Amino acid sequence: MLIFCRPFDINLNSPNKGLLSDSMTDVPVDTAVAAQAPAVQGLTEAEEEELRAELAKVEEEIVTLRQVLAAKERHCGELRRKLGLSALEGLKQNLSRGWHDVQVSSAYVKTSEKLGEWNEKVTQSDLYKKTQETLSQAGQKTSAALSTMSSAISRKLGDMRARPFSHSFSSASIRHSISMPAMR
């Protein structure tokens, strides 16, 4: 059986109870192997027994803490349900809090400042100004050309509406087609 054991003090009277230090890491402990492994050199049999008893006690405390944590999580879920808070609401709050934490982080602030400096340098450069001016002129010319083309199309459509029929469908040609029998 492989379990993970966190080395921490479980003094419930401590002002730091429930807080783990940042330097702590999970340490895998295989209890079956530990029970069969030979004692570390330099340990007496009494010391080894004492360490095994302490290990058993810590493992038992871990199980108890997991049970307490599970009970607290259930209670928290019940309270959220009674308050009408959904899991989605909690997720939104966590994301909002996380985004706020990112925005106030030194890395984000430094990056934003650096990007602001680069933006300032780029927008003040002669090449940027010339490119912006050229694109602005091209946009104005394109707009004028589209406006002229739109006016020409509107004028042509107006001319077509003003004519009664086109030449191929004039009333005389229609009368002639009706009066002449079809040639086969």
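This is a predicted model: local features need pLDDT of at least 70, side-chain atom pairs count only at pLDDT 80 or more; totals for chains, interfaces and linings use all residues.
The chain has a mean pLDDT of 79. Of its residues, 67% reach 70 or more. Confidence is highest in helix α2, residues 45-83, with a mean of 94. Strand β1, residues 2-5, has the lowest mean, 48. Residues 6-11 have pLDDT below 50, and the model gives this stretch 13 contacts beyond near neighbours in sequence. Residues 13-25 also stay under 50, with nine contacts beyond four places in sequence.

Now look at residues 41-75. An unreviewed UniProt entry annotates them as a "coiled-coil region". In the model this stretch is 89% helix and 0% strand. Its end C-alpha atoms lie 47 Å apart.

Next come the charged pairs. Side chains of opposite charge can pair when their charged atoms come close. The model has three salt bridges. E48 pairs with R52, with the closest N and O atoms 2.9 Å apart. Both sit in helix α2, and because they are four residues apart, about one helical turn separates them. E48 is buried, at 17% relative accessible area. R52 is partly exposed, at 25%.

In helix α3, residues 87-104, E89 and K92 are three residues apart. Their salt bridge spans 3.9 Å between the closest N and O atoms. In helix α4, residues 106-124, K114 and E117 are also three residues apart. Their side chains meet at 3.6 Å, N to O.

Finally, the surface carries a nonpolar patch of L146, M149, I153, L157 and M160. M160 lies in helix α5, residues 126-162. This residue counts as exposed because its relative accessibility is 58%, and the cut-off is over 50%.

Terms used:
Residues are numbered from 1 along each chain as its sequence is written. Side-chain values use heavy atoms; hydrogens and water are left out. UniProt positions are given in the numbering used here, feature names are shortened, and annotations may be inferred rather than shown by experiment. Helices (H or I, at least four residues) and strands (E, at least two) are DSSP runs, numbered from the N terminus. Patches are made of residues with over 30% relative accessible area and no salt bridge: like charges are joined within 9 Å, nonpolar side chains (Val, Leu, Ile, Met, Phe, Trp, Tyr) within 5 Å. Accessible areas come from the Shrake-Rupley method with a 1.4 Å probe; for residues, only the protein chains shown count as cover. A salt bridge is a side-chain nitrogen of Lys or Arg within 4 Å of a carboxyl oxygen of Asp or Glu. Buried means under 20% relative accessible area, exposed over 50%, partly exposed in between (1.4 Å probe, protein chains only). pLDDT is the predictor's confidence in each residue, from 0 to 100. Contact means heavy atoms within 4.5 Å.
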